[in-house]
Amino acid sequence: MDNLILSNLKVLLRSTPEEWLAATGGTATLVTGTDATHDTGWLAQHYGSAFATIHAYPNYTMNDTILKHVDGIVSRGSFRRIVAMSEADVMRAAILRERHGIPGLTPDQAIRMRDKYLMKESLKDHGIPIPRYRKVRNALDVSDFIAEVGYPIVLKPVCGAGSMHTYVIESEQELDEVLAAGYFSGFIVDKMPELLAEEFIRGQQYRIDGFYADEKCQYITAARLLGTNLDFMSGRHFANSLLDAGSEFSRQITSFARNILENVLPFGPEGMFHMEIWQRPDGEFVFGEVGARLGGISIFEENRFGFEVDYKMAAVRALCGLGTPDWPSPEKLQKRFAGHVVISPRAGFLEEIPSSCPFDWVLDYRYKPAGQRYSLMRGSNDEVAMVMVAGSSEEEVEKRLQEVSQWFYNNTVWTD
């Protein structure tokens, strides 16, 4: 029996054909996307050796014909597992599993790992701290919610991705600006959209990433977030710094996450996960959200530098039935402190960008070319640069992330 891999193009390209081959055994069918420089011919030439068959589609995230076409592929084959790598694939995979009797998350389960309202509904009766929240369909629903919880609040789509259409509202003036731009009317004409209003949590944000296979947590790590996705979307930068996996604090965070995945949400447990939580100033952890997929930006690369293992490919290999990794606990596995910063493009013409970093503690530096025009990101997945750094402690990594971010701004030239 073969396996089916659903992956957007960005996730595919961040691993080499050799790495995919080792993870899939070369027998998996790949469904992925195309873009202006990576068409079906390019994919066949460069990644054809890693997969039995490749099916590629334009506009991958929003293309509804993919589900229709892949249903035919699954009908004609014999598939052991369907592995969903990105947010757009979670529900596609669940629908196909249920339709064809393949093990894994079903639509009723997967929706609670996508729908942020149902996600929080699943947690509220289990003693897990969560923000106050409400479904909102119009401006008056939002006003009523603000009257209950006060400013600031967060407005977001119930099943959003990449921080698109998400706003932190801190005053009535800001609310009126968002409403005047047609926040509700812009989604679906003549149909009342279901959006989510949440209490804004003041505190420090963290993320937890890893994967389960064979009904066991095979890998889990935590990191501190410096800035927010919304900063990133607004033309600034967003940094992540791995925690000391051997610290009591890291163990508390990962235990909090594991309880939710193993005892509360219908996670399986099988598959990759990416969770975000907050810690209030009084020390209380508050659940944010979780996805049944690989974490975005450069999270798996950051883990690879910090722990010297590739949990992304290990997860694919395990979910394809080719064996789970024999790794020690995270505190024994961690080799160094690492973090990364992603920098968003400005709306303008990029005249100059540095071609290399002058710091010996920079582990990796990737950038997009100068000489072309960019716009502000619509989703948190199209950075203009990424820098990975190492340090002797969490504190040193965070200091270096600030330093390298300022260096980048000082040496980049934009014009209108």
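Let's start with the lining of the second largest pocket. β10 gives the most to it, with 7 residues. A pocket here is an open set of points on a 1 Å grid over the protein atoms alone, with protein on both sides within 12 Å along at least five of seven lines. Lining residues have an atom within 4 Å of a point. Strands are DSSP runs of E, at least two residues; helices are runs of H or I, at least four; both are numbered from the N terminus.

This is a predicted model, so a word on the ground rules: local features need pLDDT of at least 70, side-chain atom pairs count only at pLDDT 80 or more, and totals for chains, interfaces and linings use all residues. Residues are numbered from 1 along each chain as its sequence is written, and side-chain values use heavy atoms, with hydrogens and water left out.

Back to the pocket. In all, 22 residues line it, and C217, I220, P328, S329 and P330 lie nearest its centre. The elements giving two or more residues to that lining are β10 (216–226), α11 (248–263) and α14 (330–333). By type, the lining holds 12 nonpolar, 5 polar and 5 charged residues. Nonpolar means Ala, Val, Leu, Ile, Met, Phe, Trp, Tyr, Cys and Pro; charged means Asp, Glu, Lys and Arg; the others, Gly among them, are polar.

Now the whole protein. It has 15 helices and 19 strands. Its radius of gyration is 21 Å, close to the 22 Å that the globule rule gives for 416 residues, so the protein is as compact as a globular protein of that length. That radius is taken over C-alpha atoms, and the rule is 2.2 Å times the number of residues to the power 0.38. The C-alpha atoms fill a box of roughly 55 × 50 × 45 Å along the principal axes. Of the 416 residues, 53% are buried. Buried means under 20% relative accessible area, exposed over 50%, partly exposed in between, with a 1.4 Å probe and protein chains only.

Last, some backbone details. The peptide bond from Y151 to P152 is cis, with omega near -5°. P152 sits in the loop between α8 (139–149) and β6 (153–157).

Which residues other than glycine have a positive phi? D214 is one, with phi near 55°. D214 lies in the loop between β9 (204–213) and β10, and is exposed at 59% relative accessible area. E308 is another, with phi near 60°. Its loop runs between α12 (299–307) and α13 (311–319). E308 is partly exposed, at 47%.

Methods. 1 Å grid on protein atoms, 1.4 Å probe; cavity = no way out; pocket = protein on both sides within 12 Å on 5 of 7 lines; lining within 4 Å.
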